[in-house]
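Please look at the sequence and structure below before reading on.

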Amino acid sequence: TEKSKHTNPHWKGFYCMSCHEKPPLEGQKAVIRFGGNINYTCMWCHGINPTSWADVHPVNIEVITSEIMKVPKEFPLENNKLTCITCHDVRLQTKMDKEIYRGNRQFLRVIPYYPSDENRSKSCFQCHIQQQFDMLNAHDQIDDQGEMVEDSCKYCHIATPDRDTEGLQNIDPSVANLSALCFRCHSDGPHPGKVNHLMKIPSEKLSRKVIYEKKYDVVYPLDGKGDIFCATCHNPHEIGIVKSLRANKGADADRRARLPIDKGFLCFTCHDKDKDASLQQFMSK
């Protein structure tokens, strides 16, 4: 029924008919909705196009075994194609095991049952070779010998910057919003306090910023248009990569904040804590 889309049947133990045509009985083959099409049954709630799209992994694609991808025999296929239950063992819900429920809410086929935040990647590497998916950490900019890792620099810069020079260098001019460089890996949700700070800095706040920079020997860079961007408050560099001491502040710090965030200290650069009502509300949370 249409109501099924608005009901979470998982782990309840009494919503069997959301997925089954008739109550499943032990020892008998379960009758799945949509003529037994498991992908359509799952995507009735979880997706839009069940033949090609899934939350994390595409389904209905043929598995080609290779040196970098092998599906364990415990991971069922249908006509050698992936389905939702290739990775998700829906029968785990019937065990009503609290340990499984707490550690594997998505009933992924991975043993032992890791904490929820690790389940997804642990499950992926049952089939895929983990080393093939190691990501470049763009903030890892100095190697064990103390040398600059130029590949990391070129993740955001089109050419290796001069470490002795402050300010924006070698940034692709076609990138209209420099924060877009950060959004490739980080969430683009407005923050802090769910407020969009990526804007032209008001003149009164610009005056406060200049005073703060001199007082605390720190630099808060703006983009080429004088707008605030992610690196205004967060230092994207590894400590020591920029030789200027004031431009180096915040590198490797908590959330890479150029001045401590604790108790709103960073915010005071632009905001007057005694006059700014929005800051008072944010700090009171």
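**Charged residues in the predicted model**

Asp-254 is exposed, with a relative accessible area of 54%. In this predicted model, Asp-254 forms a salt bridge with Arg-255, with 3.4 Å from N to O. The count of salt bridges comes to eight, and the points below describe some of them.

Salt-bridge network
- A network of salt bridges links Asp-89, Arg-91 and Arg-109.
- Arg-91 counts as exposed, at 59% relative accessibility, whereas Asp-89 counts as buried, at 14%.

Salt bridge between two loops
- Asp-227 and Lys-200 form a salt bridge, their closest N and O atoms being 3.3 Å apart.
- Because Asp-227 lies in the loop between helix H7 (203–216) and helix H8 (230–233), and Lys-200 in the loop between helix H6 (179–183) and H7, the pair ties together parts that are 27 residues apart in sequence.
- Asp-227 is buried, with a relative accessible area of 15%.

Negative surface patch
- Asp-140, Asp-143, Asp-144 and Glu-147 form a negative surface patch.
- Asp-140 is found in the loop between helix H4 (116–124) and helix H5 (150–153).
- The relative accessible area of Asp-140 is 38%, so this residue is partly exposed.

Notes
Residues numbered from 1 in each chain as written. Predicted model: local features only at pLDDT ≥ 70, side-chain atom pairs only at ≥ 80, totals over all residues. Heavy atoms only, no water. Patch = residues over 30% accessible without salt bridge, like charges linked within 9 Å, V, L, I, M, F, W, Y side chains within 5 Å. Areas by Shrake-Rupley, 256 points an atom, 1.4 Å probe, with all protein chains shown as cover. Salt bridge = Lys/Arg side-chain N within 4 Å of Asp/Glu carboxyl O. Lys, Arg positive; Asp, Glu negative; His and termini not counted. Charge placed at Lys NZ, Arg CZ, Asp CG, Glu CD. Helix = DSSP H or I, 4+ residues; strand = E, 2+ residues; numbered from the N terminus. Buried < 20%, exposed > 50% of the residue type's maximum accessible area, 1.4 Å probe, protein only.
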